[in-house]
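Hi,

Here is the structure I promised to pass on. Have a look at it first, and then read on for what turned up.

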Amino acid sequence: MKDLGILQKISKPFRAYPRLSKILLVVAVSGGGYVAYAQANSDSDLISSAPGAERKKVVVLGTGWAGTSFLRSLTNSSYDVQVVSPRNYFTFTPLLPSVTCGTVEPRSIIEPIRNIVRKKKIGFQFTEAECLKIDPKGKKIYCRSKLEDGEKEFVVDYDYLVISVGASVNTFNTPGVMEHCHFLKEVEDAQKIRKTVVECFEKASLPTVTDEEKERILHFAVVGGGPTGVEFAAELHDYVNEDLGELYPGVKDKVKITLLEAGNHILSMFDKRITEFAEEKFRRDGIDVKTGSMVTKVDDKQITTKEMKTGKIETMPYGMALWSTGIGSRPFIRDFMNQIGQANRRVLATDEWLRVEGCDKVYALGDCATINQRKVQEDISAIFSKADKDKSGTLTVQEWKEVINDICERYPQVDLYLKNKHMRNIVDLLKETKGASATDTVELDIEDFKTALSKVDSEMKMLPATAQVAAQEGAYLASCFNRMDKCEKYPEGPLRFRGEGRHRFRPFRYKHLGQFAPLGGEQTAAQLPVLPGDGVSIGYSSQWLWYSVYASKQVSWRNRGMVISDWARRFIFGRDSSQI
């Protein structure tokens, strides 16, 4: 009878959605086949170095999404690569919330960095150490390893430096956060949270603990209504209701989960319907969502908050708190920023080719950097001069057409503006300012040109600090390194409006592939461009899509097998509640 119940539980979603099994089979087979083919042929286009050519040394700081993506995509054997990182593995961070509650085991989402690059025919060396300082003038980095007694420092030289160290936690100088809150940036953080959650239940089960103290111990506070905070709250709710509640029946009713968000809504980066659905579902599940509530202080047993609208100060007791809002720069990155004149910035500033501004042959990608996109209005005179080939002082529509592709490639906000305004060509753009007089024969002076492009810079957007952005940046930079010599001779980038010739490479362009927000109870919100209509899907079908995508995105078949087996184990046997 027990086995029959398990089978009924497994088959329930397939009976509710008859086409689900067919869809899942097609996705798994086609996705798995594609990944296998891609991995088998990953080195088939290896670029060999010329005999006797001097090998350049590339130092990569970090083994996160950006650094690992760079290493996986690098195929040019003319480089000697040295990776410096305090951890010798890559972590699939989107599944960290699942690790906190035992849905997925820690080792299932990590892959040793040496395994990732062992089939690469490039010179490779890994050094387990942390970077202490960057010397851009001397092209050196100063490092220290905790593996050696005395923690001796050493120096590493480089020809090219790739900074991909991610970001640290930003507490916004809130008192008590570093001392009393948990974070969720590394595997170790997830393991600590998992152990603390079980400890809270064990403490609350002691006969010497009062009812009031039990309620405090079993109050879990989550600060930050972004994807990480929301997913952890959902995972914890499922963990309590599906597993811990049965093991600790005497204290189950005293559990409370509170989600604190300073903004007006949680998941503010998602479609409004997803935000509303998530807030309503959490309220139905008993998760207390407090929006417009900013944390001002954290003590060992209580959290102080301030209501943004009224200014009212409140305190709430808690047993465990997770801080999942804000990112900041690491100490040695801040020191580096001071050296190169970027002291007033939050993170490193790069150009559209991911080169750190103010440095030579230093690149930064991922959460530790942001692209400082140039404004059209800053270069408007240079653009006009380059387009005005006959130097007549006026610009014809034909002259503009000859450079519009280079303008759109160099300044993506122009292309976005034209698309968002549903403009088919340059004449449509001119009609916005010149009205019916804008035709193919119209000529513009510099002032008309400025006016026509006066609004395009409003389309400039900062890239989000996500794994998706970091991975694309790493792959892009590797493709540049793979074609470095070729593009030096045959540039493929847009026109240099402030100089002669063309840029070596096309600038980096981020392609948004969508985003997921697991909401618990086998329901997920998805916002994907490939979905029909407006790309929004919410419910059980999106959860199965989430399973498929996250399994296929693992960096190795070992990871895929372990993650899928973890999901199956949890579905059949439940989550583990041991403090290991």
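To start with, which residues of H3 are buried? They are Trp65, Ala66, Gly67, Thr68, Ser69, Phe70 and Leu71, where buried means under 20% relative accessible area, exposed over 50%, and partly exposed in between, with a 1.4 Å probe and protein chains only.

Before going further, a word on the ground rules. This is a predicted model, in which local features need pLDDT of at least 70 and side-chain atom pairs count only at pLDDT 80 or more, while totals for chains, interfaces and linings use all residues. Residues are numbered from 1 along each chain as its sequence is written, and side-chain values use heavy atoms, with hydrogens and water left out. Helices (H or I, at least four residues) and strands (E, at least two) are DSSP runs, numbered from the N terminus.

Back to H3. Seven of its nine residues are buried, so this helix is largely enclosed by the rest of the structure. The buried ones pack against E1, E2, strand E3 (89-91), helix H5 (113-117), E9 and helix H17 (467-482); contact here means heavy atoms within 4.5 Å.

H3 packs with H17 at an angle of about 35 degrees, and their axes are 7 Å apart. (Axes are lines fitted to C-alpha atoms, for helices over the stretch in contact, and angles run from 0 to 180 degrees between N-to-C directions.) From H3, the contact uses Trp65, Ala66, Ser69, Phe70 and Ser73; the H17 side includes Ala467, Gly474, Leu477 and Phe481. By class, this contact has ten nonpolar, four polar and no charged residues. For those classes, Ala, Val, Leu, Ile, Met, Phe, Trp, Tyr, Cys and Pro count as nonpolar, Asp, Glu, Lys and Arg as charged, and the others, Gly among them, as polar.

Next, the sheet. Five strands make an open sheet with parallel pairing, in the order E5-E2-E1-E9-E20; two strands pair if DSSP finds at least two bridges between them. E5 (123-128) and E20 (362-364) are at the edges with a single partner strand each, so one side of each has no neighbour in the sheet. On average, neighbouring strands of this sheet are turned by 15 degrees against each other, direction ignored. E9 (residues 160-163) pairs with E20 over three bridges, and isoleucine 163 has alanine 364 in E20 as its bridge partner. H3 (residues 65-73) packs on this sheet too, touching E1 (56-61), E2 (79-85) and E9, and its direction makes about 145 degrees with that of E1.

Finally, the salt bridges, each a side-chain nitrogen of Lys or Arg within 4 Å of a carboxyl oxygen of Asp or Glu. The count comes to 30.

- Aspartate 80 and arginine 55 meet at 3.0 Å, N to O. Aspartate 80 is in strand E2 and arginine 55 in the loop between helix H2 (20-40) and E1, 25 residues apart.
- Glutamate 242 forms a salt bridge with arginine 570, with the closest N and O atoms 3.8 Å apart.

Arginine 570 is buried at 9% relative accessible area, and arginine 575 is buried at 8%, whereas glutamate 242 is partly exposed at 35%.

Over to you!
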